[in-house]
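Look over the sequence and the structure below.

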Amino acid sequence: MDLSLIIMQLFSGIALGAVLVITALGLTIVFGMLGVVNFAHGALFMIGAYAGLYLASLTGSFWWGLLLAPVLVGAFGMLIEFVLVRRLYGRSIDDPLLLTFGLSYILVEGVRIVFGSDGIPFPTPSQLIGVVDLGVGFFPKYRLFVIALVAVVLLALWLMLEKTRIGLIVRAGARDPQIMRVLGVDIGKVWLAIFGLGVGLAALGGVLAGPMRSVNPEMGTLVLAEAFVVTVIGGLGSIVGAVVAGLMVGICISMVALFAPEMATIVMFALMAAVLLVRPQGLFGLKGRA
């Protein structure tokens, strides 16, 4: 087999992995800092794709859709946290899981009623149509853009969490919310912001995935499974784990698709099983969270 084809497939895996990283990151941030398993994450990914498509059509610019959709869907996520999820803090982990599971069905059916069940093409922005010569082959401009943008978002997120006062409050609030209350920090606002951030990342993943696949009400179903697999492989609540595992899963799916397309989806579950046999807590997870 041609080496250039394998290298191009590797780049395709990195692009797929980038979308998985940004989507799984939202899931793992919400779980790691709030202890909430958001089963509506895939539906919110789908809502982000539809919002990006609608805003791009409304403004005539993909870039406005890319910018505004994560913000608006993130604000919607904050509303979900304030009205629904907040009431379940301190209760069994199953309660918010069941709540968001039901919410996901409501969102999917609502979108199906409004937009129908058929897939809608999400046009690639004109500036990113075409391919780039990487020396070993030609690769779509848009997928290179996805890789670059996700890298920038990851860097910005790391700087915010590790180098700013806001990040310090968020991390401290996740570890010991009672102490933060004693210090006068409104921990409710911290949780609100974290949940909104997680949902906004899911929406960003949806917008980025739109031009690479058709937008339809069911698109979040497989993405939710992929995001959970990435989160479990990386370790529940581990941001570094979500990044490493997302790239691993994306590359594995892409490379297996080259040699055995019918096995492409199964391979991520096999990878998860292999990791859990060796490290039940995931690659970067803590043993207490196994």
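## Salt bridges

Across the whole structure, a search finds four salt bridges. A salt bridge is a side-chain nitrogen of Lys or Arg within 4 Å of a carboxyl oxygen of Asp or Glu. This is a predicted model, in which local features need pLDDT of at least 70, side-chain atom pairs count only at pLDDT 80 or more, and totals for chains, interfaces and linings use all residues. Residues are numbered from 1 along each chain as its sequence is written, and side-chain values use heavy atoms, leaving out hydrogens and water.

Glu81 is buried at 0% relative accessibility, whereas Arg86 is partly exposed at 28%. (Buried means under 20% relative accessible area, exposed over 50%, and partly exposed in between, with a 1.4 Å probe and protein chains only.)

Glu218 and Arg112 meet through their side chains in a salt bridge of 2.0 Å, N to O. Glu218 lies in the loop between helix 8 (187-209) and helix 9 (219-234) and Arg112 in helix 4 (residues 94-115), so the pair ties together parts 106 residues apart in sequence. Helices are DSSP runs of H or I, at least four residues, numbered from the N terminus.

Helix 2 (residues 41-59) is largely enclosed by the rest of the structure, because 15 of its 19 residues are buried. Gly60, with a positive phi near 80 degrees, follows helix 2.

Thr28 is in helix 1 (residues 3-34) and is buried, at 1% relative accessible area.

Key:
Helix = DSSP H or I, 4+ residues; strand = E, 2+ residues; numbered from the N terminus. Expected span 1.5 Å × (residues − 1).
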